[in-house]
Amino acid sequence: MPLDAQIETLRAELTNAIAGAESEQAVEAIRIAALGKKGSVSALLASLGTMPPAERKNAGPAINGLKNEIAAEIEKRAEELRAKTLEARLAAERVDVTLPVRAAPTAAGRIHPVSQVLDEITAIFSDMGFSIAEGPDIETDYLNFTALNFPEGHPAREMHDTFFMVPGADGVKKVLRTHTSPVQIRVMQQTNAKPAASYVASAIEPPIRVVIPGRTYRHDSDQTHTPMFHQVEGLVIDKSSHIGQLRWVLEEFLKAFFEVESVTTRFRPSFFPFTEPSMEVDVQCDRSGNEIKVGEGFDWLEILGCGMVHPNVLRHCGLDPDVYQGFAWGMGIDRLAMLKYGMPDLRAFFDADKRWLDHYGFRPLDLPTLFGGLSS
């Protein structure tokens with residue numbers, strides 16, 4: 001076969017083989033078969049030495065041209081296959097950089113409903129001009145009971161209600177406070193010009209307007225009671241305080257807290273040793289659905305206790321009941337949270353279950369305000 005025909009036949013065979021190669025390994029095999037030491041193109045180049053000089057002059061450029069052409073085709077196909085392999089690998093190992101970043105701790109964390117409700121209560125009463133007062137969880141028997149007009153032998157002093165502690169070296173009886181009312185005594189004693197207790201550091205004159213949130217302890221545990229719970233109490237002492245002011249304060253608080261236009265309250269006679277007269281307060285509500293709706297409906301819900309401060313309590317604090325009078329109220333913070341946010345079981349408040357907190361908790365930067373919305 002003439003040399004030109006051999007070159008064209010070999011070119012067509014190698015070109016088709018290169019085009020049909022489906023992997024870099026197949027292309028490499030073609031390169032070795034064509035351009036290797038014993039390859040078909042290399043064999044043609046080796047035959048140049050046996051040709052006459054005149055024939056070699058024309059055959060040399062033709063064979064070298066074939067060699068360069070086939071080498072270029074092999075490199076082109078190998079590059080195409082490398083690009084294809086890289087594309088497949090990138091597709092398999094793709095990372096979607098458009099996914100949102102992980103939420104920051106301030107966005108992922110949650111505020112416990114008790115802390116949220118405490119902030120809401122503080123915001124409401126601060127707007128009314130009340131100060132916040134606090135006291136110790138461990139109280140003396142005197143401040144927890146005697147100064148609040150609990151006589152000796154009163155049932156609330158018994159073991160089934162109160163956590164009593166071993167008296168100290170001074171013999172003073174101490175308890176885990178059963179209510180935040182001892183702080184009322186501390187505040188009133190600080191207003192007395194001649195303090196009755198040695199621990200009082202300063203004295204200022206009434207009026208007194210304080211709210212007192214804090215932890216309290218009683219020997220009780222069920223769906224709506226826990227051994228440790230949270231209360232908030234309010235105290236107003238002045239020369240002209242009366243029940244009408246008490247009712248206004250409570251109704252304004254309930255409207256702001258439950259975020260409703262109006263509330264209807266019902267005051268029922270009751271008994272507390274530290275107030276006289278004493279009253280339980282009911283708020284009108286709707287119980288027809290799965291949740292209690294305050295401010296509508298025809299049902300009633302007991303919400304808190306209140307009354308006018310007993311004259312004996314004022315005397316224990318060194319205040320003259322013929323000059324000063326006042327009113328006080330108290331309610332459970334945990335129960336308010338249950339009512340407002342629809343939580344059925346009080347015990348879940350203390351289970352430390354993150355799933356529960358993720359569901360009922362509040363975002364940490366959404367601080368409750370009256371102008372921005374308490375629970376927005």
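## A salt bridge between neighbours

Let's start with aspartate 353 and arginine 355, which form a salt bridge whose closest N and O atoms are 2.9 Å apart. (A salt bridge here is a side-chain nitrogen of Lys or Arg within 4 Å of a carboxyl oxygen of Asp or Glu.) Aspartate 353 is partly exposed at 28% relative accessibility, while arginine 355 is exposed at 65%. (Buried means under 20% relative accessible area, exposed over 50%, and partly exposed in between, using a 1.4 Å probe and protein chains only.)

Keep in mind that this is a predicted model: local features need pLDDT of at least 70, side-chain atom pairs count only at pLDDT 80 or more, and totals for chains, interfaces and linings use all residues. Residues are numbered from 1 along each chain as its sequence is written, and side-chain values use heavy atoms, with hydrogens and water left out.

How many salt bridges turn up in a search of the whole structure? The count is 22. In one of them, the side chains of glutamate 69 and arginine 11 meet at 2.9 Å, N to O. This pair links distant parts of the chain, 58 residues apart: glutamate 69 sits in helix H4 (residues 53-92) and arginine 11 in helix H1 (residues 3-20). (Helices, H or I with at least four residues, and strands, E with at least two, are DSSP runs numbered from the N terminus.) Glutamate 69 is partly exposed at 32%, but arginine 11 is buried at 18%.

Arginine 209 and aspartate 238 make another salt bridge, at 3.7 Å from N to O. Arginine 209 is in strand E5 (residues 208-217) and aspartate 238 in strand E6 (residues 228-238), so this pair ties together parts that are 29 residues apart in sequence.

## Inside the core

Now for the greasy part. The largest nonpolar core has 41 residues, and Ile121, Phe253, Ile303, Trp329 and Leu336 have the most contacts inside it. (A nonpolar core is a set of buried Ala, Val, Leu, Ile, Met, Phe, Trp, Tyr and Cys residues joined through side-chain atoms within 4.5 Å.) Which helix gives the largest share of this core? That's H9, with seven residues.

Take a look at isoleucine 303: leaving out residues up to four places away in sequence, its contacts include Leu254, Phe258, Val281 and Leu336. (Contact means heavy atoms within 4.5 Å.) There is also a second, separate core of 26 residues, with Ala147 and Val309 among them.

## Two helices crossing

The axes of H9 and H11 come within 11 Å and cross at roughly 50°. (Axes are lines fitted to C-alpha atoms, for helices over the stretch in contact, with angles from 0 to 180 degrees between N-to-C directions.) The two helices are therefore oblique to each other. (Angles under 35 degrees count as roughly parallel, over 145 as roughly antiparallel, 65 to 115 as roughly perpendicular and the rest as oblique.)

Where they meet, Phe253, Phe257 and Phe258 of H9 touch Leu336, Leu339 and Lys340 of H11.

The peptide bond from glutamate 276 to proline 277 is cis, with omega near 0°, and proline 277 lies in strand E8.

Alanine 352 isn't a glycine, yet its phi is positive, at about 60°. This alanine 352 belongs to the loop between H11 and H12, and it is exposed at 78% relative accessible area.
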